[in-house]
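This briefing covers a sheet, its strand pairings and the residues packed around them. Please read it alongside the sequence and the model.

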Amino acid sequence: MWTIKQIYDGDYGCEELQPGQQPRVSVTLVNENDEIRYVSVEDAWLVENKLDVGSVWPEGV
């Protein structure tokens, strides 16, 4: 089981989003063996799925 340890809201700096592109965040996941995994997802997807630091990461994503 993977749990969200940290969510990093990336700074796009001078590189603006392209038209139609959604803001993405980097998510650090940790499992019961202290293994770490990093994923990048759309911020809106996290909100829609009510995921935050401490939430269990959905399987198959």
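In this predicted model, strand 2, made up of residues 24-31, runs antiparallel to strand 3 and is joined to strand 3 by 7 bridges. Strand 2 also pairs with strand 1, again in the antiparallel sense and over 7 bridges.

- In general, the strands of a sheet pair through backbone hydrogen bonds, in either a parallel or an antiparallel way.

**Residue pairs across the strands**
- R24 has E42 of strand 3 opposite it.
- T28 faces Y38, which also belongs to strand 3.
- L29 has R37 as its bridge partner in strand 3.

**The hairpin and its turn**
- Strand 2 and strand 3 form a hairpin, and 4 residues lie between the two strands.
- D34 sits in the loop between strand 2 and strand 3, and in this turn D34 has a positive phi of about 60°.
- Is D34 buried or exposed? Its relative accessible area is 63%, which is over the 50% cut-off, so D34 is exposed.
- D34 and W2 are 32 residues apart along the chain, and their C-alpha atoms are separated by 9.6 Å.

**N31 in strand 2**
- N31 has its place in strand 2.
- N31 counts as buried because its relative accessibility is 9%, and the limit for a buried residue is under 20%.
- The side chain of N31 makes a polar contact of 2.5 Å with the side chain of E35.

- Strand 2 is mostly covered, with 6 of its 8 residues buried.
- The largest nonpolar core consists of 9 residues, namely I4, V25, V27, L29, V39, V41, L46, L51 and W57.
- Strand 2 and strand 3 are the elements that give two or more residues to this core.
- Strand 2 gives the most, with 3 residues.
- L29, one of the core residues, is in contact with W2, T3, I4, K5, E35, I36, R37, V39 and W57, leaving aside its neighbours within four places in sequence.
- Among these contacts of L29 are I4, V39 and W57, which are also listed in the core.
- R37, another contact of L29, is its bridge partner in strand 3.
- As a general point, side chains in a regular strand alternate between the two faces of the sheet.

Notes. Residues are numbered from 1 along each chain as its sequence is written. This is a predicted model: local features need pLDDT of at least 70, side-chain atom pairs count only at pLDDT 80 or more; totals for chains, interfaces and linings use all residues. Side-chain values use heavy atoms; hydrogens and water are left out. Two strands pair if DSSP finds at least two bridges between them. Buried means under 20% relative accessible area, exposed over 50%, partly exposed in between (1.4 Å probe, protein chains only). A polar contact is a pair of N or O atoms within 3.5 Å; within protein, one must be able to donate a hydrogen and the other to accept it, and residues adjacent in sequence count only if both atoms are side-chain atoms. A nonpolar core is a set of buried Ala, Val, Leu, Ile, Met, Phe, Trp, Tyr and Cys residues joined through side-chain atoms within 4.5 Å. Contact means heavy atoms within 4.5 Å.
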